[in-house]
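Here is a short report for a reader meeting this structure for the first time. Look at the sequence and the model, then read on.

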Amino acid sequence: MKRIFIGPKYETIKNSNFFDGSITLFGENRDSNISYAKEVVFEYWNPDNNPLEIEIYNKAIANITDEVEIMAHNPQIVSKCILPSNVHLICKNEEQLLRILDNKIETRNLMKSVVPMLKYDNIKGKDISYKKLSLLASEFVIQHPIGSGGSKTFLYNENTYEKIDLILEREDYYSISIYQRNNISYNIHCIIFSEKIEILAPSQQILEKTELIEYIGSEFEVEIPKEIKRKLEEYSLKLCKKIQKLGYRGVLGIDFIAVDNELYFIEINPRFQGSTAKVDSILKESNLPSIFEYNYCAFYNIKMPSTKNMKCSVVV
């Protein structure tokens, strides 16, 4: 049976031979890729635009006549598409678990006794006041519980608060923490099987900071302090074991920040990520299977080789 990838970017799977074709928002319309770049005039990572993303995918899915399996960049989105009987969405976790892990507030409540995390307060948008907060500190990070890529993560200070106050949803809760200067952001891919957990190469995230804190890239060839590297492995394993017990399988990403030689958990990304393509390339350079094959095998309990000796590995 043919396998097709569906997601925002063809770049994610460009170096993988695991798929027979792909449907993407942004792509090259060659090598069995169907791209809709000319129709995409929105920021695809904004959850408010999911209906339009689904509409675009539905156009391509409706033209599939073969019996195919679909692996999605974000299974939650593709599960909402109109899937005919010949199109099978694979490698999707239970919807309720995905909703919890996709919500920063719920995930932090779930993990608060598992690994260190910064102190957060959850406040409704209408009750957020820089005048009140500035009695505690001069700068804060405000995050909506749903969102990726930094599309709803705000750097709140005396220069930005007026603009951000106009953006915040009045009745939605936001997580608020004191901004940690000189922090370093890290991300790590993990793959959860029923009997084991693979911790892959970590990256240092490149962030653009205006009134938003947005992800714009990743660096893998960086020197990570020994203690932080050890904690990346230890904390990732603890988090994954907790999630494994809840029934999660396959790939996920974890975001951390390092401050003064301590590592703090930020969020779980229960899907492939912006840096997945680079991780896949590193696996290939290490003579290991594709991350997409690992993801597939995790769901079907198929044995796969250990990744501990991959290049840039966090495992020491």
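Which residue forms a salt bridge with Glu 285? The partner is Lys 311, and the closest N and O atoms of the two are 2.9 Å apart. Glu 285 lies in helix 8 (residues 276–285), while Lys 311 lies in the segment after helix 9 (291–299), so the pair ties together parts that are 26 residues apart in sequence. Glu 285 is partly exposed, with a relative accessible area of 43%. Lys 311 is partly exposed too, at 38%.

## The chain as a whole

This is a predicted model. The chain has 316 residues. Nine helices and 14 strands are found in it.

The radius of gyration is 20 Å. That agrees with a compact globule, because a globule of 316 residues would have a value near 20 Å. Along the principal axes, the C-alpha atoms fill a box of roughly 60 × 45 × 30 Å.

## Inside and surface

Of the 316 residues, 54% count as buried. Among contacts with a separation of 6 or more, 59% come from residues 24 or more positions apart.

The accessible surface comes to about 15,300 Å². Carbon and sulfur atoms account for 47% of that surface.

## Charges

The chain carries 39 positive and 43 negative charges. Side chains of opposite charge can pair when their charged atoms come close. The structure holds 21 salt bridges.

## A bridge between two loops

The side chains of Glu 28 and Lys 14 meet in a salt bridge, at 3.3 Å from N to O. Glu 28 lies in the loop between strand 2 (21–26) and strand 3 (33–35), and Lys 14 in the loop between strand 1 (2–9) and strand 2, so the pair ties together parts that are 14 residues apart in sequence.

Glu 28 counts as partly exposed, at 30% relative accessibility. Lys 14 is also partly exposed, at 36%.

Glu 234 and Lys 238 form another salt bridge, with the closest N and O atoms 3.2 Å apart. Both residues lie in helix 7 (residues 226–245). They are four residues apart, about one turn of the helix.

Glu 234 is partly exposed, with a relative accessible area of 28%. For Lys 238, also partly exposed, the value is 39%.

Note on methods: Residues are numbered from 1 along each chain as its sequence is written. This is a predicted model: local features need pLDDT of at least 70, side-chain atom pairs count only at pLDDT 80 or more; totals for chains, interfaces and linings use all residues. Side-chain values use heavy atoms; hydrogens and water are left out. The radius of gyration is taken over C-alpha atoms; the globule rule is 2.2 Å times the number of residues to the power 0.38. Buried means under 20% relative accessible area, exposed over 50%, partly exposed in between (1.4 Å probe, protein chains only). Contact means heavy atoms within 4.5 Å. Accessible areas come from the Shrake-Rupley method with a 1.4 Å probe; for residues, only the protein chains shown count as cover. Lys and Arg count as positive and Asp and Glu as negative; His and the chain ends are not counted. The place of a charge is taken as NZ of Lys, CZ of Arg, CG of Asp or CD of Glu. A salt bridge is a side-chain nitrogen of Lys or Arg within 4 Å of a carboxyl oxygen of Asp or Glu.
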